[in-house]
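This report is to be read beside the sequence and the structure.

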Amino acid sequence: MKDASPQTIHLKDYTPFGFEAESVELTFRLAPTATRVLSKIRFLPKEGGDGRFFLHGEDLTLISARIDGAPVTPRLVEGGLEAQVPAEPFIWEAEVEISPATNTALEGLYMSPLAREGEAPGPGAMYCTQCEAEGFRKITFYPDRPDVMSVFTVRIEGDAPVMLSNGNPVERGDGFAVWHDPWRKPAYLFALVAGDLRAHPGSFTTMSGKEVALNIWVRPGPDEDKCAFGMEALKRSMTWDEEVYGREYDLDVFNIVAVDDFNMGAMENKGLNVFNSSCVLASPETSTDMNFERIEAIIAHEYFHNWTGNRITCRDWFQLCLKEGLTVFRDAQFTADMRSAPVKRISDVIALRARQFREDNGPLAHPVRPESFVEINNFYTATVYEKGAELIGMLKTLVGDAAYAKALDLYFERHDGDAATIEDWLKVFEDVTGRDLAQFKRWYAQAGTPRLSVTEDFKDGTYTLHFKQETPPTPGQPHKAPFVIPIAVGLLNPNGDEVVPTRVLEMTQAEQSFSFDGLPSKPVPSILRDFSAPVILERASDNTERAFLLAHDTDPFNKWEAGRALAKDVLCRMVSEGATPDGAYLDAALAVLRDDGLDPAFRALALRLPSEDDIAQTLFGAGITPDPVEIHTARETLSQALAQHAADTLPRIYAAMTVEGPYRPEAEDAGKRDLQGTVLGLLSRIDGGAQAAAQYDAAGNMTQQLAALSCLLMIDKGEPELARFYEQWKDDRLVIDKWFGMQALQAPPARAAAVTDALTRHPDFDFRNPNRFRATLGSFAANAAGFHAADGAGYRLLADWLIRLDPLNPQTTARMTTSFETWKRYDADRQALIEGELRRILNTDGLSRDTTEMVSRILG
Ligand code: ARG
Ligand code: ZN
């Protein structure tokens, strides 16, 4: 049962649990609709505890309970149970029954693939778990909070050929398996997997010479051939964490399991990572370069959690950024090392602006460490993850690399085995550097994206930058105190040489000036190099200066940023003033395209126009009501103009970016294919899709096949190719997700809702599968002009599906309500339409706590 009146949980109310859980023994008797879970836990009352013994539990049927062997009848209360317990250490035992086969919420123990309604799960179905954040309470009664850590022994009984849990295998017999995890852990890191699975094996020797058996587990069949890349990525991650952070793996085995039904990307359960199959399975024929890069990053991310998350976990869920921000930061460092650091940084900033700035500037804005929540699953956000990672990056910039390394060593030494807080985290930096980080801590507490405006003057060889910071109000936070902002700045001569190399200015006041002496002439500033802080930089600049920086800046990020600012300015003027495509932009873009001295991946990034959503956000920030259809038209017009302007160059670059030899997912080849795909997009606008059709026919890998198909859809062609694509890939659900996704994303605005509606009627559309749901409805919502069609058909379509999914899967439903988070940007008619849909969702009988919280916050 859902709570009648959802409760708000506050950080300030934190109190420790009154008992220690010394050891946990679990026995699972697996059966699809009647799994029995037996628990035996030794609890020790803690000094100063209030003696209140409350265990969380949800959707559990209690069969029996005992304390020290004697049957007891606990009091079932809202969200769990209470019992009278001795003042001395005691053994709690319980037996509960749960039904994994009917668990469509995909939290706790469930089965995948999901059975058809009213039917038994198929023979290939596997048992698996997702416990973060609060799913363990759907498995048995337990103090389901991250500061309760214990040593788990798990016995699994059933007829599955493979039965896995955390830690090391202890015993395997006919119909049972026993696992023991020697490391104390919170329940959210518990995992169990059972089914007919095949291993892709590997091994790793750690820096102290310990052998670790590695496995990627998949269902028998074609998936078995898609594990090799993931395995290599895992080994690279293990090596990197040893070399860069001195962190060694700590069990005899490391298992990864691929699951088709999963609410998120992956989960770092101790020794048994569970992955959305889309985030681990890869082959050249079925995965794009972007898929490969993402898989490598997610494998690294989950592996890195073993230290930042598992060995040191969070005291409570308000501290989520402690593990997520740091682990995102670490996986970004890893990707930067494996591939191109500038390309990674630019891509991350594009994503940060698209998802986190969008969140931070709307009704869902919240601090990196929130102070209250109703449903914690709603706080696995871009703010906690990506802005959380930016804070680590700023801290590193402020203290320097050497102090960062020292602080991390101290963090691992001091807090290994702890459930820690942001205060603990900042304290190690204070102890190592002697700095006071009180002001820095505001980054964790104050929501919103600071606006950093800058003016300049030059007199007698002294150049001065005057900065002013201002952070707009966010829900519950009308006033903001100034942040400490590391501003990396370099200065260029008018001839393009760098006169002052990168220097980090430390801004602590609301307004502050910084001077540079001894300059022969007024320099051109390159401000916020490498995007040294997650702020919006406002500077009155002209397109001549932007073109200059695009040509000359030595900082790759700001070089790209100059081009981006130029494109944005041009697009915004096209939308708001009806301007025509700007010649300076077209010349600058063509120069980048032709510059063979630049990394192809960088050129591809520099040629990509800002997204329609980005332009809408920018216009709104400038006080202009964005019209999604006009934005779409302007962007198309500018692309078309660039295609014509570059027409003579396109064939040469297309040919030059051809990669010889067998497909390799490495950055170098991927970068060439990326630029080739970008060029193909431009070519398609002038050759009617001839080259794209040829590339489609010849493609030997998914990157080129999909790029070609996407170009054809972009010019409203590709009907036959879409049909052939489906025929070719109908048995591969991950590729078919792409097929659904690209149609919804690329449908012409006027038809997008109808196309998407038709897709939801396709026999392969199973809305209960989160990947398929997101591929279809999520891609549709990302088709800005289509989703925001003036008649409101898009809003209605999405709302209909959210209402339908909510009773089955609240978490994915709640997540997807964020498609509406920008509603206040738009005109009164669109606002009224969206508000109507939001109220319709909110008024749905029995709406989940998850979705209720999200929709209420969006409505504000
Ligand atoms: N800890 C996982 C990760 O970042 C994600 C878990 C998401 N859980 C959730 N309830 N949304 O790797
Ligand atoms: Zn994570």
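## Cis peptide bonds

Proline 113 is placed in the loop that runs between strand S10 (108-112) and strand S11 (126-130). In this predicted model, the peptide bond leading from serine 112 into proline 113 is cis, and its omega is near -5 degrees.

Another cis peptide bond links glutamate 132 to alanine 133, with omega about 0 degrees. Alanine 133 belongs to the loop between S11 and strand S12 (150-157). Glu132 and Ala133 are also among the residues around ligand 1.

## Residues with positive phi

Aspartate 59, a residue other than glycine, has a positive phi near 55 degrees. The loop that holds aspartate 59 lies between strand S4 (53-56) and strand S5 (61-67). Aspartate 59 has 16 C-beta neighbours inside 10 Å and therefore counts as partly exposed.

Leucine 106 likewise has a positive phi in a residue other than glycine, here near 60 degrees. Its position is in the loop between strand S9 (90-98) and S10. Is leucine 106 buried or exposed? Leucine 106 counts as buried, because 25 C-beta neighbours lie inside 10 Å and the limit for a buried residue is 20 or more.

## The shell around ligand 1

Besides Glu132 and Ala133, the residues around ligand 1 are Met264, Ala266, Met267, Glu268, His301, Glu302, Glu324, Asn377 and Tyr380. Two elements, strand S20 (266-267) and helix H2 (289-304), each contribute at least two residues to this shell.

Sorted by class, the shell around ligand 1 contains 5 nonpolar, 2 polar and 4 charged residues. The charged members include Glu268 and Glu302.

## The contact of H6 with H7

Helix H6 (residues 401-415) and helix H7 (residues 422-433) have axes that come within 9 Å and cross at roughly 125 degrees. H6 and H7 are therefore oblique to each other. The crossing in which H6 passes H7 is right-handed.

Which residues of H6 and H7 meet? On the H6 side they are Ala403, Lys406, Ala407, Leu410, Tyr411, Arg414 and His415. On the H7 side they are Asp424, Trp425, Val428, Phe429, Asp431, Val432 and Thr433. By class, this contact of H6 with H7 comprises 8 nonpolar, 2 polar and 4 charged residues.

Notes:
Residues numbered from 1 in each chain as written. Chains lettered and ligands numbered in written order. Predicted model: local features only at pLDDT ≥ 70, side-chain atom pairs only at ≥ 80, totals over all residues. Axes fitted to C-alpha atoms, helices over the stretch in contact; angles between N-to-C directions. Helix = DSSP H or I, 4+ residues; strand = E, 2+ residues; numbered from the N terminus. Parallel < 35°, antiparallel > 145°, perpendicular 65-115°, else oblique. Left-handed = near helix turned anticlockwise from the far one by under 90°. Contact = placed C-beta atoms within 7 Å. Buried ≥ 20, exposed ≤ 12 C-beta atoms within 10 Å, placed from the backbone. Near = placed C-beta within 6 Å.
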